[in-house]
Amino acid sequence: MTLEYPHEGETVRAIEDVTLSVPRGAFVVVAGPSGCGKTTLLKSLAGLLLPTRGTVSVGSVPVRGPLKNVGMAFQNPILLPWRKIMDNVLLPLEIVAPHKKRFHRERKAYVSQARELLASVGLEGFGDRHPWQVSGGQHQRASLCRALIHQPELLLLDEPFGALDAFTREELWQVLQGLWLQRRFTVFLVTHDLREAIFLADEVYVMSPRPGRVIYQTPVPLRRPRTLEDTFSAAFTDTYHEIRRRIGEVIAR
Amino acid sequence: MRRRARWAEWVPPIAIFVAAFVVWELVVDVFNIPTFILPGPSAVWAAFLKWRDAILFNAQYTLYTTLVGFAMSVVAGMGLGLAVGYSAIVYRSLYPLLVAFNSVPKVAIVPVLVVWFGIGTIPAVLTAFLISFFPIVVNVATGLATLEPEWQDVLRSLGASKREIFLKIGIPRSLPYFFASLKVAVTLAFVGAVIAETVAGNRGIGYMQISASARFEVPLVYAGLVVLAAMGVALYAVFAIIEKRLTGWAYRGQSLGA
């Protein structure tokens, strides 16, 4: 697919001839420097942007508008400040189809579901706080819960850990891996952090700067569940060096 | 420590107030200014006590017209603001007219209102309404227009309709703007009501001042001014408190402790 958009009278080609397929239940990471169209790609997967040429299909159905059952989380975790953490997490259930009608009747059941989910990311007992009363890492944990509460089959993550410090980030890699191993939704994550990409992905796609294209693609030969120790293994560092080299080649040109 | 901080917060403004009145009284005494030009605070206070019943009656009336006009502008302003913020077409077609209307000095409309409705309550209520609805419209529309696109993306990716986005994030997001505009709007409504009473009234503090000055009851004119100032401050304070209470989240926990 190719996606262009007008910007100040010119046509900007954000991504060019990108072809990729994500198997159901896989964890795919798109990595690349900033401005390579990663976010554009992610938004077109969600149906928030439509490609200029080519098609996007989810589960063999072409995407023609916003999908109805996707979980999304962004770099700035954008919790709604007037809602407590619990109500932020419950928000998708007030909108997504089967839950929407039941929400008021079965609120209690949903709340206990949400409480469980919060506990699984280390936010036990934080439901009654307002977003401004928790740290950046806790924000992002809650944001993950919000993206997952309605049990979407597809989870789209746009640099979700980009604004966090290194320790929190690595901890959340493991939290995310844990959730994924347990539930096996399909994940499509974009990041500029290559270590993050390799740690989390089944398959890494590397994109070049604008116009964004896929310049390299590699499976990650590491067993799950991965630990931080694995990031120092030979397989990990080899993959890292190879990706880094490919990006270096494109940028030097 | 804490007690001292409280003390530092309250004492200076009160001291300034007291000092202003003392200076006022002294200036009047020392320069021997005649009462019909500038009465001192003591003379104003005496007038206040003497005319207490009339002042109370007229103040109630002014408060009544202000609040009726203000209530109208809350309803109309919220409605128009939501419409303007919701739809780009409504915004483009309505906004120039609203701006044009708002630039007309409202005192110039009072004679028209008098031709239509006669002297009395209705022109005052309508002037209060006309002068105060615009800030509400602008603020509510601004709250909607500055909605974070990421929030909209999150909701759209869940399949939310435009209406749902509006209800779940549009309206809550614009509430702090709405409440912020109320304290401005209520003082404007008050100004509008008093203008109408002064130009074409038969009751109210504005009318009382006009008739007092016609009779050279200058201390009563000043008593009216002081009452107006006090009422204006009180109205502002009430809505400032309501704002803090209802949209504490927008203040990031300054008022709601963790």
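A residue is called buried here if 20 or more other C-beta atoms lie within 10 Å of its own, exposed if 12 or fewer do, and partly exposed in between, with the C-beta atoms placed from the backbone. Helices (H or I, at least four residues) and strands (E, at least two) are DSSP runs, numbered from the N terminus.

Good morning. The structure above is a predicted model, in which local features need pLDDT of at least 70 and side-chain atom pairs count only at pLDDT 80 or more, while totals for chains, interfaces and linings use all residues. Residues are numbered from 1 along each chain as its sequence is written, and chains are lettered from A and ligands numbered from 1 in the order in which they are written.

I begin with helix α1 of chain A, residues 38-46. Is this helix mostly covered or mostly uncovered? Eight of its nine residues are buried, and α1(A) is thus described as mostly covered. The buried residues are K38(A), T40(A), L41(A), L42(A), K43(A), S44(A), L45(A) and A46(A). After α1(A) comes G47(A), whose phi is positive, near 80°.

L49(A) is buried, because 21 other C-beta atoms lie within 10 Å. Two residues are in contact if their C-beta atoms, placed from the backbone, lie within 7 Å. Leaving aside neighbours within four places in sequence, L49(A) is in contact with L3(A), T40(A), K43(A) and S44(A). The C-alpha atoms of L49(A) and R64(A), 15 residues apart along the chain, are separated by 9.1 Å.

I turn next to helix α6 of chain A, residues 166-183. Its 18 residues should span 26 Å at 1.5 Å a residue, and its end C-alpha atoms are 26 Å apart, which agrees; the expected span is 1.5 Å times one less than the number of residues. Which residues of α6(A) are buried? They are L172(A), L176(A) and W180(A). These residues cover an arc of only 75° around the axis, so they sit on the same side of α6(A); the arc is that of the directions from the helix axis to the C-beta atoms. An α-helix has 3.6 residues a turn, so residues three or four places apart point the same way. The buried residues of α6(A) pack against β3 (27-31), α5 (136-148), β8 (186-191) and α7 (194-200) of chain A. On the face turned away from the buried side, α6(A) carries the exposed residues F167(A), L181(A) and Q182(A). R184(A) follows the helix, with a positive phi near 60°.

The strands come next. In β9 of chain A, residues 203-207, four of the five residues are buried, so the strand is largely enclosed by the rest of the structure. Two strands pair if DSSP finds at least two bridges between them. β3(A) and β9(A) run parallel and are joined by four bridges, with V28(A) opposite E203(A) in β9(A). With β10 of chain A, residues 214-219, β9(A) pairs in the antiparallel sense over five bridges. There M207(A) stands opposite V214(A) in β10(A), and a hairpin of six residues joins β9(A) to β10(A).

Now the interior. A nonpolar core is a set of buried Ala, Val, Leu, Ile, Met, Phe, Trp, Tyr and Cys residues joined through C-beta atoms within 7 Å. The largest such core has 73 residues, of which V29(A), V89(A), C145(A), L156(A), A201(A) and V204(A) touch the most other members. Not counting residues up to four places away in sequence, A201(A) touches F27(A), V28(A), V29(A) and V220(A). A second, separate core of 53 residues includes M78(B), L82(B), L188(B) and A212(B).

Some backbone details deserve a mention. Q151(A), in the loop between α5 and β7 (154-158) of chain A, has a positive phi near 50° without being a glycine. E159(A), in the loop between β7 and α6 of chain A, is likewise not a glycine and has a positive phi of about 40°. Are these two residues buried, partly exposed or exposed? Q151(A) is partly exposed, because it has 14 other C-beta atoms within 10 Å, whereas E159(A) counts as buried, with 20 C-beta neighbours inside 10 Å. A cis peptide bond joins R224(A) and P225(A), with omega about -10°.

Finally, the interface: 22 residues of chain A are in contact with 19 residues of chain B. Thank you.
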